[in-house]
Structures are given as structure tokens and as C-alpha cells.
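Dear colleague,

I am passing on the structure we spoke about, with the sequence alongside it. Please open it first, and then read the notes below with the model in view.

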Amino acid sequence: MTGYYELKKSGETGYMFNLKAGNHETILTSEIYASKDGALDGIASVQANSPQVGQFERKVAKDGSAFFVLTAANGKAIGSSEMYSSTSARDEGIKSVSANGGTKTIKETA
């Protein structure tokens, strides 16, 4: 199974998206955009940047949880991961975003 983007409203006027793996697990979450077009531009940015390993910032939270942030060429954050229990699990998450991020499938939900 291949991944897909889940595009949905956030609040009264905002939009956001999640990149889902083929098993329907969320592997990347976007910021909240002011418009649907903004969120679609964010998806296009993930599609363009997710294959590039240098666009992933590997981080560790204060509690020791590992996570990552996918950035655009201009350095702006596009999306972030969940918190992982280890750096190796985080690195597998990065591989999953790289493998699924290029998908053109967008499912809009209510």
C-alpha cells in the first residue's frame, strides 16, 4: 500500500494535513494554514522536499524523545513527526516520510 495525504479543516477557517503511511499511520503533521490553498501548497512542498535527506532536522525533546522536522529549501518547517522512543525509531520514521511523501493521493476529510 502507498501513503496518502489527509487534508482537513482545522477550526473555523484553517486547514492542515497529515501524511499517512500505507497502513494509515500518521507519519508527518503540518502546521495550520489560513486557507485550503495554503495547505495544498504545503503538501506540494512535502512532495518536493521529502526525498531529500538533508531537509530533515533530527531533534531530541527535553524529555529525551526523538522527533524530526521536515523543512523546505528556505529553511521553513513544513511538518513534524510524532515523538519516538529512540533515535533509530525516528530514523525509520524519516525513511517512511521519504518513501511516502511523493504520493499524489490527497483525501479530503470533514
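How many bridges join strand β3 to strand β6, and do the two run parallel or antiparallel? Please bear in mind that this is a predicted model, and that in it β3 (residues 26-30) and β6 (residues 77-80) run antiparallel and are joined by two bridges. Thr29 has Ser80 in β6 as its bridge partner.

Strand β6 also pairs with β5 (residues 66-71), again in the antiparallel sense, over three bridges, and here Leu70 stands opposite Gly79 of β6. Five residues lie between β5 and β6 in the hairpin that these strands form, and Gly75, in the turn, has a positive phi of about 90°.

The other element I looked at is helix α2, which covers residues 87-100 and has 14 residues. From its first C-alpha to its last, α2 reaches 20 Å, which is close to the 20 Å expected at 1.5 Å a residue. Its buried residues are Arg90, Gly93, Ile94, Ser96, Val97 and Asn100, and because these fall within an arc of 160° when seen down the axis of α2, they line one face of the helix. The face turned away from that buried side carries Lys95 and Ala99, which are exposed.

As for what the helix packs against, the buried residues of α2 pack against β2 (14-20), β3, β4 (56-60) and β5.

Technical notes:
Residues numbered from 1 in each chain as written. Predicted model: local features only at pLDDT ≥ 70, side-chain atom pairs only at ≥ 80, totals over all residues. Heavy atoms only, no water. Pairing = 2+ DSSP bridges. Helix = DSSP H or I, 4+ residues; strand = E, 2+ residues; numbered from the N terminus. Expected span 1.5 Å × (residues − 1). Buried < 20%, exposed > 50% of the residue type's maximum accessible area, 1.4 Å probe, protein only. Arc of directions from axis to C-beta. Contact = heavy atoms within 4.5 Å.
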